[in-house]
Amino acid sequence: MSIHHILHQVFGYGEFRGPQQAIIEHVVAGGDALVLMPTGGGKSLCYQIPAIARQRAGLGITLVISPLIALMHDQVGALHEAGVSAEFLNSTLSGEQASQVERRLLRGDITLLYAAPERVTTPRFLAQLDSLQERGLLSLFAIDEVHCVSQWGHDFRPEYRALTVLHERYGSVPRVALTATADALTRADILERLQLQEAHQFVSSFDRPNISYTIVEKRDATQQLLRFISSQHRGEAGIVYCQSRKRVEDIANLLCDEGIAALPYHAGLDAKVRQANQDQFLRSEGIVMVATIAFGMGIDKPDVRFVAHLDMPKNIEGYYQETGRAGRDGEAADAWMCYGLQDVVNQRRMIDESPAGEEFKQGLRGKLDALLGLAEATDCRRVRLLAYFGETYGQEAAAAPGRPKQGTAPPGGSAAREVASVGATCQNCDNCLHPPAVWDGTDAARKLLSTIYRVQQMSSISFGAGHLMDILRGKKTDKVLQFGHQSLSTFGIGAGFSEVQLRGVLRQLIAVGAVAVNTQAFNTLQLTDASRAVLKGDVSVQLRASVSSPVERKAKRAGAGAVIKAPAALDTQGHERYVALKAWRAGIAKEHNLPAYVIFHDATLAAIAQRAPQSLDDLQGISGIGAKKLEAYGEEVLHIMASA
Ligand code: ADP
Ligand code: ZN
């Protein structure tokens, strides 16, 4: 059976997307592959279709290795809905259930088996794989979220390292490894760790055109977040990322107080509560999940309309991975981040205080700098983001065979800065939609640096940002008087600048390394080797003057009209049918204990509502309705069409 046939018959889709066909053909033929595709790009089909094709050819089972025990039930449920034989083995199964799955496994009577790496590498499980292998029933290994193998990935999991046993022990079984993250450094690490150097690399464009990127200056973060959600995303599903568990709890409470349905998620919560909150987020509509980075990997909810960062992440990979969870359905979605001086200081401190070796810390600092460069940018965010992944905006990503190009991406963090001159625009980020006014902060920067210099000269102690700004702006605070800083020649020479402006200058100076934050000593500020160039006037400091308000953005976005919301295209009757279909779907989803989108996507429901099919023939061919779903739900859907 051809792979096209499987795509139509099992999944109900008309066409392959992007590089899917090439990948699937390669893997069906027994080749190894490393697949780099952004979140929502369609990675699952890249191993599910080969698994089905190879099982039908009598080659046996595909083992899917995934770190996400909490999501296996839904992933397998989605395959069952499509009529594919799939199971999982993990600690949520009872002993009896697990033995039943194992018996079927040993008979080779499963198409896809999902398991976590720590189980796969146990002697007991390997013995079962041996038995399958001896009988020619071990068809394929699919290693999902493969960046977990790399310490450079943002989600390192040591148990992934043990997966080397797969190629050492079953060298003849093909492997397909997939991830949505991988800068050059991480990619090289994956290839080496799993000895995938010979694998064909399929690198898709990482662009997510339907996601609009906005980074705003932090003033009153929680109020800014509230305004963002209230004005643009009332009643919609979203994720808010925060740095700490406590902050997660506080923000979730605050949103609830404001009438926004929000739930917390962090590693400190009881596992049962965590699972319940995750299930509710996946199964109900319009929930905002307030979470630490512990949340989100593998979450395939298609209609997440926004991802907000209340605190700055560690690096661009993390940021891009997290924001990528918005808009998997291809509809317009927002990535919004709020960032300030304190974020820079906090992230620097975390690196300084980590027990890692100096070389490793240097790598982390480089990655942080690239993110700071993105946050401070006055030109297109998308151009910079893509450049970080070695891609030039507007050009198709090279389907790079062989090794990744060296030097196209950090840790130097220079890639993001180099492209500033390219000048391309995406028209779907804050800087493109509202080019920020830029002001020359060079003079302010020099005044700031000479204040640091003079203060240090006078008393050989360093001070923090607030105090230095008080001196510059000529404020006679108790502390200023206590240290006699009102007598400094720089006292009051920055009175013409607002505190916001000076904070902007300072942020940028820290970002480019011209000021160092001593995180071991009350975050005091010190000059560095790079300060001299700024002081001498050799380096200019360009800053954004202001950021646009959310209200302005909203108007612009609605006007842009790049993406049509499916239900909006429906007439009144169509809309009624859509509402009736949604209500019906909710009932089925509940009955099957699965998220609604696993039954049918919103887009599929909208297409049905628009076409108002009168027969099964009519219904067939709508994207997302495969043979099994047609058989299981066709009559009911027609019934709704007749009565709505
Ligand atoms: P990823 O794992 O890369 O983040 P998924 O595999 O979850 O992405 O796919 C994202 C969404 O796109 C899913 O809802 C999937 O059903 C859908 N999809 C994937 N391939 C196609 C295709 N060829 N045609 C239509 N929809 C597709
Ligand atoms: Zn842009």
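**Note on the sheet and a helix pair**

1. In this predicted model, the bridge partner of Phe88 is Tyr114, a residue of strand 4. Strand 4 covers residues 112–115, and its pairing with strand 3 is parallel, extending over four bridges.

2. That pair belongs to an open sheet of seven strands, arranged in the order 3-4-2-5-6-1-7 with parallel pairing. At the edges stand strand 3 (86–89) and strand 7 (200–203), each of which pairs on one side only. Between neighbouring strands of this sheet the turn is 20° on average, with direction ignored.

3. Helix 5, made of residues 95–106, lies across strand 2 (61–65), strand 3 and strand 4, and runs at about 125° to strand 3. Helix 9, made of residues 184–193, also packs on the sheet, where it touches strand 1 (33–36), strand 6 (175–179) and strand 7, its direction making about 155° with that of strand 1.

4. A further point concerns a pair of helices, helix 13 (residues 316–323) and helix 16 (residues 381–388), whose axes come within 11 Å and cross at roughly 115°. The crossing of helix 13 and helix 16 is left-handed.

5. As for the residues involved, helix 13 contributes Ile316, Glu317, Tyr319 and Tyr320 to the contact, while helix 16 contributes Leu385, Leu386 and Tyr388. By class, the residues of this contact between helix 13 and helix 16 divide into six nonpolar and one charged, with no polar residue.

Terms used:
Residues numbered from 1 in each chain as written. Chains lettered and ligands numbered in written order. Predicted model: local features only at pLDDT ≥ 70, side-chain atom pairs only at ≥ 80, totals over all residues. Heavy atoms only, no water. Pairing = 2+ DSSP bridges. Helix = DSSP H or I, 4+ residues; strand = E, 2+ residues; numbered from the N terminus. Axes fitted to C-alpha atoms, helices over the stretch in contact; angles between N-to-C directions. Contact = heavy atoms within 4.5 Å. Left-handed = near helix turned anticlockwise from the far one by under 90°. Nonpolar A, V, L, I, M, F, W, Y, C, P; charged D, E, K, R; others polar.
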